[in-house]
Amino acid sequence: MANAAKIEAVADLKEKLEKGPNFILASYSGLTVEDMTNLRAKLRKEGSTMKVIKNNLFLRALKESSAHKDKTIEFGDIYKGPLAAIFSTESLPAVAKVCKDFAKDKKELEVKTGFMDGQVLDKTGVEAIAGLPSKQELLSQVARGLNAPATQIASGVNQIMASLARAINAVGEKNG
């Protein structure tokens, strides 16, 4: 029979998974407390939280989570050793980029797997989404794309009006 602390831990993980179903699992063995604090601060800036997990409790929370229970999530050997779950409520690509950049300096952080929009991602998949633009960058690209035709039309109309004004001015100067 499960004790109250384990039941509470599963409920907490389940709540985090339902609030933000996208996550990354990473091995952190060898990181200092200062390193973990710095990583957590960087993740917080991206609207993400990191929690050291007990692997079997996390699997149980995944099976109970309404966002994940219909998915076949079996990570196998990935669940060996200490892991941290990095939960993202906003942009998992931005969080993956933070992890990738942090791991360049601190080799002890190793991304193992992830889950994004109903798909289980391997280490390569998580690294691939780290290269994707953030939500804000995508929105600005769309806005520029929508704005470009309007800018070109306004510029064309402005040139026509300027040409007409120059023509009228030339006729006025010629006729004195």
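1. Residue V157 sits in helix α6, which covers residues 135-175. The model under review is a predicted one. V157 is partly exposed, its relative accessible area being 46%. Together with I153, M161, L164 and I168, V157 makes a nonpolar surface patch of about 510 Å².

2. Read from the N terminus, their order is α-β-α-β-α-β-α-β-β-α-α. The radius of gyration is 26 Å, well over the 16 Å that the globule rule gives for 176 residues, so the protein is more spread out than a compact globule. Along the principal axes, the C-alpha atoms fill a box of roughly 105 × 35 × 25 Å.

3. The largest nonpolar core comprises 24 residues, and I24, L39, L43, M50, I86 and L109 have the most contacts inside it. Two or more residues each are given to this core by β1 (22-27), α2 (33-45), β3 (83-88), α4 (92-105), β4 (110-116) and α5 (123-129). The most is given by α4, with seven residues.

4. Neighbours within four places in sequence being set aside, L43 is in contact with S48, M50, I86, V95, V98 and C99. Another core, of 15 residues, lies apart from the largest one; F23, L25, L83 and F115 are among its members.

5. As to the protein as a whole, 32% of its 176 residues count as buried. Of the contacts between residues at least 6 apart in sequence, 80% join residues at least 24 apart.

Notes: Residues are numbered from 1 along each chain as its sequence is written. This is a predicted model: local features need pLDDT of at least 70, side-chain atom pairs count only at pLDDT 80 or more; totals for chains, interfaces and linings use all residues. Side-chain values use heavy atoms; hydrogens and water are left out. Patches are made of residues with over 30% relative accessible area and no salt bridge: like charges are joined within 9 Å, nonpolar side chains (Val, Leu, Ile, Met, Phe, Trp, Tyr) within 5 Å. Accessible areas come from the Shrake-Rupley method with a 1.4 Å probe; for residues, only the protein chains shown count as cover. A salt bridge is a side-chain nitrogen of Lys or Arg within 4 Å of a carboxyl oxygen of Asp or Glu. Helices (H or I, at least four residues) and strands (E, at least two) are DSSP runs, numbered from the N terminus. Buried means under 20% relative accessible area, exposed over 50%, partly exposed in between (1.4 Å probe, protein chains only). A nonpolar core is a set of buried Ala, Val, Leu, Ile, Met, Phe, Trp, Tyr and Cys residues joined through side-chain atoms within 4.5 Å. Contact means heavy atoms within 4.5 Å. The radius of gyration is taken over C-alpha atoms; the globule rule is 2.2 Å times the number of residues to the power 0.38.
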